[in-house]
Structure formats: structure tokens, C-alpha cells
Amino acid sequence: IKQNKKDEGLTDDEIIKIIKSEAKKRNDAIEAYTKGGRNELAQKEKEELAILKAYLPKELPDEEIEKIVKEAIIETKAESMEEFGNIMKEAMIKLKGQADGKRVSEIVKKLLGE
């Protein structure tokens, strides 16, 4: 956060975005270290991830995400995967950091029948 801090400060949304980015890095590192048999390094990353998650908003369950995605589909009048980007944009705005983009993407694909 300090590296990204501007003279006028950061908004809460910007701080959450930074923390989410760092959490994603930790998840990727955990996966890589686990595949490479480096369990001690994976454990260190898991500990750091636990600290970062404490500062993130609680993630919504899939049922709630699905409800919001359905609203986004209705609002964008989407009927096919061609509108995937518009649906994702609308859903992510409504979710405000309460769901991982990968989970939202999977739910959008499921609802659109891909």
C-alpha cells in the first residue's frame, strides 16, 4: 500500500484492490510451491495470505453471487456469451470486492449455458 500511496491518499476501494492483488500473488505462489514440492515456502505464503484475508471484505456465498449475476444479465439484456464482458463488468461493480472474479466468471458461464 505504501508503494502505491499517492499524495492525496488512497480510497478504501483502492486499498482493497491492492490487498486482493497481493492475495492473488500469494495464491499463485502457494500453487507453484506445492507443485514444486516446496512445502515450507508454500506454508509461509499461506500464513501471509491469512493475514491479507483478514483485511478483505467477507466473500459472498455462490448463491448470493448467482443472484447478483442474474440481475446483471437482466440489466445488460444479455442473451449469449457475446455479452460476457458487459455482464462481468456490471456484476463486479455490484459485488464491490465481495467475490473473486474467477468465481463470478464461472457463475456467468454456468448461467449462460457454456
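**Helix contacts and nonpolar cores**

Biologist: Which residues of α3 meet which residues of α4?

Modeller: On the α3 side you have Ile65, Ile68, Val69, Glu71, Ala72, Ile73, Glu75 and Thr76, and they meet Asn86, Ile87, Glu90, Ala91, Lys94 and Leu95 of α4. Contact here means heavy atoms within 4.5 Å, and helices are DSSP runs (H or I, at least four residues) numbered from the N terminus. The residues in this contact split into 8 nonpolar, 2 polar and 4 charged. Ala, Val, Leu, Ile, Met, Phe, Trp, Tyr, Cys and Pro count as nonpolar, Asp, Glu, Lys and Arg as charged, and the others, Gly among them, as polar.

Biologist: What sort of model is it, and how are residues numbered?

Modeller: It's a predicted model, where local features need pLDDT of at least 70 and side-chain atom pairs count only at pLDDT 80 or more, while totals for chains, interfaces and linings use all residues. Numbering starts from 1 along each chain as its sequence is written, and side-chain values use heavy atoms, leaving out hydrogens and water.

Biologist: Okay, at what angle do α3 and α4 cross?

Modeller: Roughly 130°, with the axes of α3 (residues 62-76) and α4 (residues 84-95) coming within 9 Å. That makes α3 oblique to α4. Axes are lines fitted to C-alpha atoms, for helices over the stretch in contact, and angles run from 0 to 180 degrees between N-to-C directions. Under 35 degrees is roughly parallel, over 145 roughly antiparallel, 65 to 115 roughly perpendicular, and the rest oblique.

Biologist: And how are α1 and α2 arranged?

Modeller: Their axes cross at roughly 160°, so α1 and α2 are roughly antiparallel. The axes of α1 (residues 12-35) and α2 (residues 39-53) come within 8 Å.

Biologist: New topic: is Ile107 buried or exposed?

Modeller: Ile107 is buried, at a relative accessible area of 7%; buried means under 20%, exposed over 50%, and partly exposed in between (1.4 Å probe, protein chains only). Ile107 sits in α5 (residues 101-111). Not counting residues up to four places away in sequence, Ile107 touches Asp62, Ile65, Glu66 and Val69.

Biologist: How many residues are in the largest nonpolar core?

Modeller: There are 16, and those with the most contacts inside it include Ile65, Val69, Ile87 and Val108. α3 gives the most to this core, with 5 residues. A nonpolar core is a set of buried Ala, Val, Leu, Ile, Met, Phe, Trp, Tyr and Cys residues joined through side-chain atoms within 4.5 Å.

Conventions. Helices (H or I, at least four residues) and strands (E, at least two) are DSSP runs, numbered from the N terminus.
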